[in-house]
Amino acid sequence: MKKALLIFCATFMLSFVGLAQTQEQGNARFHGFGTYGLNYHNFGVGAGIEYFFVDKFALMPSYTFVFPQVGKESNFSADLRYYVSEGPSQLYFMAGYSQTWVNTQPDGAGTTRNQKGANVGVGAYIRLTDAIGLSTEFRFQSPLPREVGFRVGFAIPL
């Protein structure tokens, strides 16, 4: 009896994790990523949560800390994603709002500039296992400093 209950519970949990990999309404994924800007060559790290509010459409708010050679920089993005493919490799197009805070002073003194604008890009979610996937993205951000860059990280279905 215990063995049958254990098998049932394991099967139920694995099927739930498998469903979380789909693009159906109500599903969510946690993303942790690194960024690299092609213009200024700055690295950054960030995190966000992707929520599918309708099948194939997701909202992804994220926050990124960028490490410029001098000063401080951070970015908040709220992106709308539309998935054009399903399965283990899922391609999407995205567009959204971006707000960047930049302080170019070496010790943090001075004025922080607040720039608002838009994001556009393309990305892919590639399922590695039932519990984790690879998240990649190529994007352009219009707020100063304007930047074209990559995001690469992992996504965990919630």
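Colleague: What volume does the largest pocket have?

Modeller: The general idea comes first. Rolling a probe the size of a water molecule over the atoms shows where empty space is left. The search runs on a 1 Å grid over the protein atoms alone; a pocket is an open set of points with protein on both sides within 12 Å along at least five of seven lines, while a cavity is a set where a 1.4 Å probe fits but cannot get out. Grid points are joined across faces, edges and corners, and the volume is the space filled by probe spheres set on the points. Here the largest pocket has a volume of about 210 Å³.

Colleague: What kind of model is this, and how are residues numbered?

Modeller: It is a predicted model, with residues numbered from 1 along each chain as its sequence is written; local features need pLDDT of at least 70, and side-chain atom pairs count only at pLDDT 80 or more, whereas totals for chains, interfaces and linings use all residues. Side-chain values use heavy atoms, with hydrogens and water left out.

Colleague: Which residues line the largest pocket?

Modeller: A lining residue has an atom within 4 Å of a point. For the largest pocket, the lining includes Y40, N42, P68, Q69, R113 and L144. By class, this lining has six nonpolar, four polar and two charged residues. Ala, Val, Leu, Ile, Met, Phe, Trp, Tyr, Cys and Pro count as nonpolar; Asp, Glu, Lys and Arg count as charged; the others, Gly among them, are polar.

Colleague: Now the strands. In what order do the eight strands close into a barrel?

Modeller: Strands of a sheet pair through backbone hydrogen bonds, either parallel or antiparallel. Strands are DSSP runs of E with at least two residues, numbered from the N terminus. Two of them pair if DSSP finds at least two bridges between them. In this model the eight strands close in the order 1-2-3-4-5-6-7-8, with antiparallel pairing. From one strand to the next, the twist averages 25°. That angle is taken between N-to-C directions, on a scale from 0 to 180 degrees, using axes fitted as lines to C-alpha atoms.

Colleague: How many bridges pair strand 1 with strand 8?

Modeller: Nine bridges, in the antiparallel sense, between residues 28–37 and residues 147–157. R29 stands opposite P157, and T35 stands opposite R151. Strand 8 also pairs with strand 7 (residues 133–141), again antiparallel, over nine bridges. There S135 has G153 as its bridge partner. A hairpin of five residues links strand 7 to strand 8.

Colleague: What joins strand 4 and strand 5?

Modeller: Twelve antiparallel bridges, between residues 72–83 and residues 89–103. A78 has Y97 as its bridge partner. Their hairpin has five residues between the strands, and G87 there takes a positive phi near 105°. Strand 5 is also joined to strand 6 (residues 113–127) by 14 bridges, running antiparallel. In that pairing, L91 has A124 as its partner.

Colleague: Is R29 buried or exposed?

Modeller: R29, in strand 1, is buried, with a relative accessible area of 0%. Buried means under 20%, exposed over 50%, and partly exposed in between, with a 1.4 Å probe and protein chains only.

Colleague: Which side chains does the side chain of R29 contact?

Modeller: R29 makes side-chain polar contacts with Y83 (3.3 Å) and Q90 (2.8 Å). A polar contact is a pair of N or O atoms within 3.5 Å; within protein, one must be able to donate a hydrogen and the other to accept it, and residues adjacent in sequence count only if both atoms are side-chain atoms.

Colleague: How many cavities does a search of the whole structure find?

Modeller: Two of 30 Å³ or more. The largest cavity has a volume of about 270 Å³. Of its 19 lining residues, T35, G37, V66, Q141 and E147 are the closest to its centre. Strand 8 gives the largest share of that lining, five residues. By class, the lining has seven nonpolar, eight polar and four charged residues.

Colleague: And what volume does the second largest cavity have?

Modeller: About 40 Å³. Its lining includes H31, F33, S135, R151 and G153. Strand 8 gives the most to this lining, with three residues. The classes divide into three nonpolar, three polar and three charged.

Definitions and conventions. Helices (H or I, at least four residues) and strands (E, at least two) are DSSP runs, numbered from the N terminus.
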